Amino acid sequence: GGMGGGFGALPGAAPGAAVTAPAANPFAGLAMSSQRARFSSQLTQLAAMGFTNEADCLRALAQHDGRVDAAIDTLLSGGGFGAADGGGS
């Protein structure tokens, strides 16, 4: 399946898609790990449900302030990450 696309699969991907060179941005990794700590229980729940793309999960959780149900909605609808070129509706 073509879901997931090219983006979100990068482990170092920054939460903000506008960052052009995530690797060169020291704050990108920081934001990621602090979010990972903040949302660790939610990430575990999402992973148990088969949402294994951590970068996408973190973005969805951050967007919805840690609400797993809303994050799942975003992930299932493609949420605009990764699947942007995958023909939305």
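Modeller: Start with H2 and H4, whose axes come within 11 Å and cross at roughly 50°. That angle makes H2 oblique to H4. The crossing is right-handed. On the H2 side, the contact is made by Gln 42, Gln 45 and Leu 46. On the H4 side, Val 68, Ile 72 and Leu 75 make it. By type, the residues of this contact divide into four nonpolar, two polar and no charged. Keep in mind that this is a predicted model.

Why describe a pair of helices this way? Two packed helices are described by the angle between their axes and the distance between the axes.

Now turn to H2 and H3. They pack at an angle of about 125°, with their axes 10 Å apart. H2 and H3 are therefore oblique to each other. Their crossing is right-handed. From H2 come Gln 42, Leu 43 and Leu 46. They meet Glu 54, Cys 57, Leu 58 and Leu 61 in H3. The residues of this contact divide into five nonpolar, one polar and one charged.

The remaining pair here is H3 and H4. Their axes lie 8 Å apart, and the packing angle is about 125°. That makes H3 oblique to H4. The crossing of this pair is right-handed. H3 brings Asp 56, Cys 57, Ala 60, Leu 61 and Gln 63 to the contact. H4 brings Val 68, Ala 71, Thr 74 and Leu 75. These residues divide into six nonpolar, two polar and one charged.

Next, look at H4 by itself. Which of its residues are buried? They are Val 68, Ala 70, Ala 71, Ile 72, Thr 74 and Leu 75. What covers them includes H2 and H3. An α-helix has 3.6 residues a turn, so residues three or four places apart point the same way. Beyond its end, H4 is followed by Gly 78. The phi of Gly 78 is positive, near 90°.

The largest one has 14 residues, and Leu 46, Phe 51, Cys 57, Leu 61 and Leu 75 touch the most other members. The elements that give two or more residues to this core are helix H2 (40-48), H3 and H4. H3 supplies the largest share, five residues. Several names now return. Leu 75 of H4 is part of the contact with H3.

Which residues does Phe 51 touch, not counting residues up to four places away in sequence? They are Leu 46, Cys 57, Ile 72, Leu 75 and Leu 76. Of these, Ile 72 and Leu 75 are among the buried residues of H4. Leu 46 and Cys 57 are among the core residues that touch the most other members.

Then there is the loop between H3 and H4. Asp 65 has its place there. Its phi is near 55°, a positive value in a residue other than glycine. Is Asp 65 buried or exposed? Asp 65 counts as exposed, at 56% relative accessibility. Arg 67 is found in this loop too, between helix H3 (54-63) and helix H4 (68-76). Arg 67 is partly exposed, with a relative accessible area of 47%. Exposed would need over 50%. Arg 67 and Phe 39 are 28 residues apart in sequence, yet 9.5 Å apart in space, C-alpha to C-alpha.

Step back to the whole chain. There are four helices and zero strands. From the N terminus on, the elements run α-α-α-α. Of the 89 residues in the chain, 33% are buried. Consider contacts between residues at least 6 apart in sequence: 36% of them join residues at least 24 apart.

Terms used. Residues are numbered from 1 along each chain as its sequence is written. This is a predicted model: local features need pLDDT of at least 70, side-chain atom pairs count only at pLDDT 80 or more; totals for chains, interfaces and linings use all residues. Side-chain values use heavy atoms; hydrogens and water are left out. Buried means under 20% relative accessible area, exposed over 50%, partly exposed in between (1.4 Å probe, protein chains only). A nonpolar core is a set of buried Ala, Val, Leu, Ile, Met, Phe, Trp, Tyr and Cys residues joined through side-chain atoms within 4.5 Å. Contact means heavy atoms within 4.5 Å. Axes are lines fitted to C-alpha atoms, for helices over the stretch in contact, and angles run from 0 to 180 degrees between N-to-C directions. Angles under 35 degrees count as roughly parallel, over 145 as roughly antiparallel, 65 to 115 as roughly perpendicular and the rest as oblique. A crossing is left-handed if the near helix is turned anticlockwise from the far one by less than a right angle, and right-handed if clockwise. Ala, Val, Leu, Ile, Met, Phe, Trp, Tyr, Cys and Pro count as nonpolar, Asp, Glu, Lys and Arg as charged, and the others, Gly among them, as polar.
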